[in-house]
Amino acid sequence: MAVESGEPDLQFRDPEKAEQLTDRLEALMDDIGERVTIMHVCGSHEQAIAKYGLRSLLPDGLTIRMGPGCPVCVTDMPEVDEAVALAEDGKIVATYGDMLRVPGTEKSLDDAKADGADVRVVYSASEAAEIAEEEPEREVVFFATGFETTAAPTAAVLTADPPENFSILSAHKYVPPAMEVVAELPDTDVDGFLAAGHAATITGYGLFEEFVEDYEVPTVVGGFEPIDILFGLAKLLEFIRDDEPGLANAYQRCVSEEGNVPAKETMWDVFETTTGEWRGIAQIPEANLVLREEYRQYDARERFDIDVDTASSNPLTEECLCGEIMAGKADPDDCDLFGEECTPQDPVGACMVSSEGPCKIWLEYGGQPDI
Amino acid sequence: MSDEQEVITEAHGAGSGQMRELIEELAVSRFESDDAETDVPLAALDDGSVHRLANGGGSVVVTTDSHVVTPLFFRGGDIGRLAVAGTVNDLAMMGATEPVALTCSLIVESGTPVETVERVMESMRETSEEAGAPITTGDTKVMGSGEIDTLAINTTGVGIVPQGGHVPDAGLSPGDKLIVTGTVGDHGISLLSEREGFDFEGDLQSDVAPVNDLVAAAMDAGEITAMKDPTRGGLATSLNEMASKAGVGLEIDERSVPVSGAVASAGEVLGIEPLNVANEGKVVLGVASEDADAVLEAIRNHPQGADAAIVGEAVDDHAGRVILDTGFGNRYLTEPEGEQLPRIC
C-alpha cells in the first residue's frame, strides 16, 4: 500500500531485494533438483507469508508448511475447561483476548462470560496482577498461555512478589520439544525448519544446536518481515543443497546465540518442564511449563483443586484437521469444515480462533493462491 | 449446536457475507417485487433502489440507513455528521448527487442530556448544508434507560437521476479501471484506536464527509460504470461485492492503494488491515478504461480527492475474486469475517 506520510518503508520490505532472493531460491531449487518441504513453527511466520503473498513467489517444488506454531491452537481442551471451571466458580479469570473463544469441552471462556462469569482480557501477566491488587477480596487467576515469549514475562511477575490473591493457571508451552516430535513423526517429511524468531529472542539460537545434531535437519531462525522470511528460506535451501544439517541465525537484529539471559534465567527459575498434551498433536515430553516447587503457592491448580469432567466431547472436533495441519500433514483447506462449519465466529478447532492460527490466517488472506 | 435457536450476532452487522445472507433471508425473500418500473430493486442489495417516474421524468432514488456508533463524538466527526453523510453518500453512489430531501429519525435513551442531542443536531444541520441536502421531516422516540445506548439515528434520502442515469455497483466490465478517491481505513482504524484507548501519535481521525460533490465531478469527467462507498467491511468487502455482482475478476496493486502513514502504523500495531475497515468519506469507482485518466484528474482536482489513485482493473479471469499484488507476491483479497478486533497476544 502506498504510505502517504510517516515512517519510510523499511528496508526489509524492499520488493527488489525480494526479487533477488526469489531468483536465489529458484537457482537453489534447480541445484537441489527435487521437492523440498520447509516447516515453520510460528503463527507470525504464517501470517507474514500469507499477508505478503509469498507462497505465490516460491519456485515449483518448494512447499512451506505450518507446524505447531500457535500457542492458542495447542492449548488443550481440558486446560480451557479448567479456566472455565475457575471462572464459573467465582474467580476473576484474566487472559489474553485470543483465548476467549477457544472452545473447551462444553464451552469457551467467552460462553462463561456471557453466562455471567468474570472473565477479563489483559495484555500482559502484570496487568492481571494489577487486577489482583485492585480487588484484594477476590481471587484472580491468570490463564497463562503462550511460548517462551510470554512465559518469561509471566515468570517475571511471579518473582516480583505478586498479591496473595493472585495465581496462575499455566498452559505455557516450550517449543523445542515439539519440533523434536514433529521431526520424528513418520508421515511428516520436513527437510528444514524455519524456527520462530521471537521465541529465540529469549532462548537464543544456540539452543537449536543439539536439535540439529540429533535430528540432522537444517534449522534457521527467521524474522517476520518478507525479506527475513525469504532470506531464511534461502539459507535453508543452501544447507539442503549442500546436504549439511546446519544451523543459522537469519534474524540477527533481534536474536543472539545466548538469547536474553536474564529473561531465560527467570523463566527457568520459575518454571520446569513436564510432559503434557498439545491439542491435536500428541503428548509431548518436557514441553509443558509448570511451576517449580518454590512457586507452587501461585499455582491455581494447587490452590483450587480444579476438577474438570472431560468425558464428553464435541463430536465435530473429530472431523477437525487441526492436528494434521499442525503436524505439517495437511493444509487448512484440506479440512471439510474449513470456512463452512468452522469460522472465526464459530470455530470448531482452535486453529480458527487465534489471529496466529493457520486456519484463521488462511481464511483472512485467501489461502493457497493459484495465481 | 444445530438445535440451538438462531440469534442475531454482532457478526451479522459487520457488513460482509453473513450480513448479506441475513438480509436475503429476512428481507429480500419477503419484500422482493417484480415491478417493471424498478431499475434497481431490493434484491440488487445496492446502496439504494431506483424507480422510474411516469412520462420519462427521470428516476427516483431512495435509500435509508440507521446509525449507531461508539463513542458518539469521535476524532473527525460525530454520529450526526455520520448519519447525514452516510445517506447523502448512498444516494451519490447511485448517481443521485443532488439530494432532494433527507429524513431524520431519532431514538434517544431516557436520561441523555439535551445538550448531547443538540450537539448532534447542530452537526446534522452543518453537514446537510455542506451537502446541499435539506432535512425536511423526521421523528423522535424516547426509550427507557438501558434499553438503547444513548442515541440512534435513522436517515432516509431521496434523490432524482435522469432515467437510466443511475450507477449500479454491479456494472464492471473487463478492462474497467478502478479508482479509489483517497486514503482508506481512516474512519475504522481511528475509531478502533479510540475505543481501545490507544493514543497513537499523529493525526488519526475519521474521514466522515459527504462525497456527493466529488462524485458529481467524477461523473462529469467520464463514464462511471460502477460505484460503491467502502463503509463497513472496508475496501476489501466493496471490491469483492463489485467483482462478484459483475462476474469479473479484479486485480489490485496494493502499493497504489492510498493509506496514510498514521493508519498504516496503527493498523500494524492493532493487527488490523486498513483495507478491511470502514471509510465514511471515500469512494471506489469503476471507470471505462479510456476515461480513467480524465476521471482521475477531475477527482484529484477536487479538494476531497487529492490522494486519489487508480488501484487496479477488472479482468476476465478469476470471476468474482479479487487478487492483490502485495508488491512481493499475489494473494486473494477476501472479505473480512465479522467484526475486526485488535490483536491482543
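## Exercises: an interface within chain B and one between chains

Domain 1 of chain B and domain 2 of chain B bury about 2000 Å² between them, 54% of it on carbon and sulfur atoms. Buried area is the accessible area (1.4 Å probe) lost when two parts are put together, summed over both. The model is predicted: local features need pLDDT of at least 70, side-chain atom pairs need 80 or more, and totals for chains, interfaces and linings use all residues. Residues are numbered from 1 along each chain as its sequence is written, chains are lettered from A in the order written, and side-chain values use heavy atoms, without hydrogens or water.

**Exercise 1.** Describe the contact between the two domains of chain B.

*Solution.* 
1. Count contacts (heavy atoms within 4.5 Å): 26 residues of domain 1 meet 24 residues of domain 2.
2. Look for salt bridges (Lys or Arg side-chain nitrogen within 4 Å of an Asp or Glu carboxyl oxygen). The rule finds 1 across this interface.

**Exercise 2.** Describe the interface of chain A and chain B.

*Solution.* 
1. Count residues: 40 of chain A are in contact with 36 of chain B.
2. Take the area: the chains bury about 3200 Å² between them, 57% of it on carbon and sulfur atoms.
3. Apply the salt-bridge rule: it finds 2 across the interface.
4. Inspect a pair: K51(A) forms a salt bridge with E273(B), with the closest N and O atoms 3.4 Å apart.
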